[in-house]
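Here are my notes on the model you sent over. Have it open while you read, and go through the points in order.

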Amino acid sequence: MIPSPIQTNHPDNLVFLDVETTGLSVDHGARVCEIAMLKVENGVSTEYSSLVNPGYPILPKYSQIHGITNAMVKDAPRFEDIAKDIVDFIDGNVLVCHNAPFDLGFISKQIMDSGIASPEMYYLDTLIISRQYFSFQSNKLGDIARTLDVEVEQAHRAMSDVKTMQGISKYLFDNLYRKGIDTLEPTYFAQSLNIKK
């Protein structure tokens, strides 16, 4: 079902989503080691987050990026154990990500690998919106947050990035509305996309 356009003056029915991973490409064996989502539905916010045991050791060079160690995920659920919870949480809402093909590429493949049909996913990409309508010096999430004085709790941890994205999105939506852009059309996520971060 194609979702309605998102009203920039009253964005609702959104799920802000971020994953941390063991590598850069799900097609080359990298897996999710943390997921976080924040749902805004009918004005009510709900959070979901979990560390994820990827089933093999996380290389030190990736632990250095996000701070997630093998000890932290040792007793965490496998992705297939929480895949249905993730699908239920998304439940037809429009996803908001910063560089959506990366996050959604991991999510859709690992949901399907879990034996569950991946839901149709529509998204808004704060990276694309930033590039298309604004002129930030850098379009990296953390750099935009610093420019806008949006608080960053802990860079490269999933829930912190989700909340940073939500703060940035408020600025983006408010300013788009001021520019006369009343709605944003969600993009359909084609699961064949293989775009690296």
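**Notes on the model**

1. T126 counts as buried because its relative accessibility is 2% (buried means under 20% relative accessible area, exposed over 50%, partly exposed in between, with a 1.4 Å probe and protein chains only). You'll find T126 in helix α5, residues 126-133. Leaving aside residues up to four places away in sequence, T126 touches V96, C97, H98, M165, S169 and L172; contact here means heavy atoms within 4.5 Å.

2. A word on the ground rules. This is a predicted model, so local features need pLDDT of at least 70 and side-chain atom pairs count only at pLDDT 80 or more, while totals for chains, interfaces and linings use all residues. Residues are numbered from 1 along each chain as its sequence is written, and side-chain values use heavy atoms, with hydrogens and water left out.

3. On the overall build, the protein has seven helices and eight strands (DSSP runs numbered from the N terminus: helices are H or I with at least four residues, strands are E with at least two). The radius of gyration, taken over C-alpha atoms, is 16 Å, close to the 16 Å from the globule rule for 197 residues, so the protein is as compact as a globular protein of that length. That rule is 2.2 Å times the number of residues to the power 0.38. Buried residues make up 49% of the 197.

4. How many salt bridges does a search of the whole structure find? There are eight, each being a side-chain nitrogen of Lys or Arg within 4 Å of a carboxyl oxygen of Asp or Glu.

5. Take a look at R157 and E34, whose side chains form a salt bridge at 2.8 Å, N to O. This pair ties together distant parts of the chain, 123 residues apart: R157 is in the loop between α6 (141-148) and α7 (158-178), and E34 is in strand β3 (residues 32-41). Both R157 and E34 are buried.

6. K163 and E47 also make a salt bridge, at 3.3 Å, N to O. Here too distant parts of the chain are linked, with K163 in helix α7 and E47 in strand β4 (residues 44-51), 116 residues apart. K163 counts as partly exposed because its relative accessibility is 30%, and E47 counts as partly exposed at 48%.

7. Finally, D75 pairs with K74 in a salt bridge, with the closest N and O atoms 3.5 Å apart. Both D75 and K74 are exposed.
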